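Trainee: I have a new structure open and I'd like to learn how to read it. Could you walk me through it, feature by feature?

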Amino acid sequence: MSNATESETRVDPAVLAEEFAARFGEPPAAVVRAPGRVNLIGEHTDYNDGFVLPMAIDRAAWIAVRPGKGTRVSVHSLDFGEAADFDLAALEHGGPEWAEYLKAVARALEQSGAELRGWEGVAAGDVPIGAGLSSSAALELATARAFATVSNLEWAPKKMALLCQQAENEWVGVKCGIMDQMISAVGERDHAVLLDCRTLETRAVPLPPDTVVVILDTATRRGLVGSAYNERRRQCELAAEHFSVPALRDVTSAELAQSGVGLDPVTLRRARHVVTENERTLAAADAMARGDAPTLGRLMDESHESLRADFEVSSPELDRMVGIARAQPGCLGARMTGAGFGGCAVALVRANGADAFTREVADAYERATGLPPRIYATRATAGASVL
């Protein structure tokens with residue numbers, strides 16, 4: 001079986017610190033981390049002021065760091081095998097693409113009034129890039145944590161999440177919602193977090209007993225900036241204007257059925273996904289609170305069908321992966337996760353069958369597609385932190 005094992009792709013913070021010492025002649029002052037996330041349910045609802053139910057995963061972006069001199073930031077990426085160097089006093093686009101996320105966070109922090117100090121660092125990550133697990137948000141929050149550490153800034157998780165969202169919206173050019181940055185900041189061990197994307201209220205909900213969350217990486221990738229993400233967002237805005245509400249979060253299924261006839265068919269389908277997905281997400285949180293794994297799994301299945309048919313952001317590989325997963329004993333539910341068009345699916349699986357599930361799905365998917373997937377169980381972890 002060719003799917004990746006966890007040991008092949010994990011960052012060891014001790015090794016990262018050793019890499020730092022080899023490059024800079026002394027140990028780092030700190031090692032910071034910020035996790036990626038998997039969204040159990042609630043897709044494309046965040047920028048509609050709706051509800052999402054993600055969990056921070058045990059894969060993260062890591063930075064070993066020490067304060068620098070003046071306003072220069074120098075970072076070496078082990079993942080990309082290259083360095084980036086920029087001046088906080090003269091931020092501009094250019095250089096390695098991954099470094100744009102660091103500059104974006106620096107600009108947002110400066111605009112908030114923070115006085116930033118330069119730093120030197122070595123960065124690495126084990127969140128798969130482009131897989132729908134929020135590697136960019138993890139890097140943004142790790143960067144914010146690094147700046148906070150060397151510049152003695154107060155760490156306010158929700159405020160930092162908002163600044164990192166601003167960074168991606170304004171500097172990187174992706175009109176993402178708040179979910180990815182927020183869960184990377186406020187994640188809780190062994191819990192998913194129900195997030196109200198309008199009020200930013202959060203409620204931790206435990207994972208159902210005797211279940212495991214399994215990430216199903218299809219080995220296909222998509223880029224958000226060049227994808228239909230911004231188009232879908234605009235369609236949702238047009239639907240909200242039709243209903244004369246601030247966002248689709250304010251529309252119920254009954255109102256959609258009664259007053260959605262004036263929408264063109266495509267926009268109506270987009271709105272129907274968002275409205276029903278919000279309802280599913282709230283129902284899923286309630287199911288988790290009472291330990292009802294079968295209901296959570298059913299809602300995940302329904303979410304995938306809505307994303308495939310109404311929002312049209314799935315892909316043949318995602319559909320094949322989800323179908324294979326659902327056919328396995330012990331699988332309670334499966335759906336694509338993330339923005340779509342490639343990347344990962346997520347499954348809720350009975351814990352006593354998780355190993356067999358992982359093997360069977362990996363083998364069946366590779367036989368069906370010729371693509372070697374990465375399939376692994378994950379656990380919920382805490383948000384951005386300093387080791």
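**Reading the model step by step**

Mentor: Let's start with a helix on the inside. All eight of the eight residues of helix H5 (residues 179-186) are buried, so H5 is largely enclosed by the rest of the structure.

Trainee: Which residues of H5 are buried?

Mentor: They are Met179, Asp180, Gln181, Met182, Ile183, Ser184, Ala185 and Val186. The cut-off for buried is under 20% relative accessible area.

Trainee: What pLDDT does the protein chain average?

Mentor: Keep in mind that this is a predicted model. The chain averages a pLDDT of 94, and 96% of the residues score at least 70. Over residues 1-7, though, the pLDDT is below 50; that stretch has 19 contacts in the model beyond near neighbours in sequence.

Trainee: Okay, pockets next. How much space lies in the largest pocket, and which residues lie nearest its centre?

Mentor: The largest pocket holds about 1000 Å³ of space. Its lining counts 48 residues, and Tyr101, Ile129, Gly130, Ser135 and Ser136 lie nearest the centre. As for elements, two or more lining residues come from each of strand S3 (54-67), helix H2 (99-111), strand S6 (119-125), helix H3 (135-151), helix H4 (157-172) and H5.

Trainee: How many aromatic pairs does the structure hold?

Mentor: Four. In one of them, the ring centres of Phe20 and Phe24 are 4.6 Å apart and the planes stand at 40°, so the pair is tilted. The cut-offs matter here: under 30 degrees counts as stacked, over 60 as edge-to-face, and the rest as tilted.

Trainee: Why are Phe20 and Phe24 separated by about one helical turn?

Mentor: Here's the general idea. An α-helix has 3.6 residues a turn, so residues three or four places apart point the same way. Now the case at hand: Phe20 and Phe24 are about one helical turn apart because they sit four residues apart in helix H1 (residues 13-24). Phe20 is buried, at a relative accessible area of 0%, while Phe24 is partly exposed, at 22%.

Trainee: How is the aromatic pair of Trp119 and Phe147 arranged, and how far apart are the centres?

Mentor: Trp119 and Phe147 are edge-to-face, with 5.5 Å centre to centre and 80° between the planes. Trp119 lies in strand S6 and Phe147 in helix H3, so the pair ties together parts that are 28 residues apart in sequence. Both Trp119 and Phe147 are buried.

Trainee: One last residue. Is His76 buried or exposed?

Mentor: His76, in strand S4 (residues 72-77), is buried, with a relative accessible area of 13%. Leaving aside residues up to four places away in sequence, His76 touches Arg23, Gly81, Glu82, Ala83, Gly121, Val122 and Ala123.

Terms used: Residues numbered from 1 in each chain as written. Predicted model: local features only at pLDDT ≥ 70, side-chain atom pairs only at ≥ 80, totals over all residues. Heavy atoms only, no water. Buried < 20%, exposed > 50% of the residue type's maximum accessible area, 1.4 Å probe, protein only. pLDDT = per-residue confidence, 0-100. Contact = heavy atoms within 4.5 Å. 1 Å grid on protein atoms, 1.4 Å probe; cavity = no way out; pocket = protein on both sides within 12 Å on 5 of 7 lines; lining within 4 Å. Points joined across faces, edges and corners; volume = space filled by probe spheres on them. Phe/Tyr/Trp six-rings, centres within 6.5 Å; stacked < 30°, edge-to-face > 60°.
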